[in-house]
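Biologist: I'd like to learn how to read a model like this one. Could you walk me through it?

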Amino acid sequence: MIEVFCTNVTCKNQAALILQKLSETFTNCYFNFDLEDCDNILRAESRKHHLNVDSIINLVRESGYRISILDDN
């Protein structure tokens with residue numbers, strides 16, 4: 001399962017901190033940012049487990065950033 005999010009994370013240091021928190025919390029998932037994309041994309045992937053989208057969103061928001069699911073359009 002893959003989910004793509006739009007964020008307001010803009011720098012590598014911010015992204016690294018969030019990635020660390022996400023990786024520690026969701027040990028069976030892989031995360032990465034594409035900060036060169038205009039939507040500052042966060043990708044979440046899990047090959048064996050269901051992604052808990054609400055928990056991912058809450059963690060990023062608790063870190064002080066905006067995040068929303070990127071529409072398929």
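Predicted model: local features only at pLDDT ≥ 70, side-chain atom pairs only at ≥ 80, totals over all residues.

Biologist: Which face of E2 is covered, and which is uncovered?

Modeller: In a regular strand, side chains alternate between the two faces of the sheet. Here Phe31 and Phe33 make up the covered face of E2, while Tyr30, Asn32 and Asp34 lie on the uncovered one. Strands are DSSP runs of at least two residues, and helices (H or I) of at least four, numbered from the N terminus. E2 pairs with E3 in the antiparallel sense over five bridges; pairing takes at least two DSSP bridges.

Biologist: Where does Asn40 sit?

Modeller: Asn40 is in the loop between E2 (30-34) and E3 (41-45), and takes a positive phi near 45°. Asn40 is buried, with a relative accessible area of 13%; buried means under 20%, exposed over 50%, partly exposed in between, using a 1.4 Å probe and protein chains only. Its side chain reaches the backbone oxygen of Val9 at 3.4 Å.

Biologist: Which residues does Phe5 contact, leaving aside neighbours within four places in sequence?

Modeller: Contact means heavy atoms within 4.5 Å. For Phe5 the list includes Asn40, Leu42 and Ile56.

Conventions. Residues numbered from 1 in each chain as written. Heavy atoms only, no water. Polar contact = N/O pair within 3.5 Å; in protein donor to acceptor, adjacent residues only side chain to side chain.
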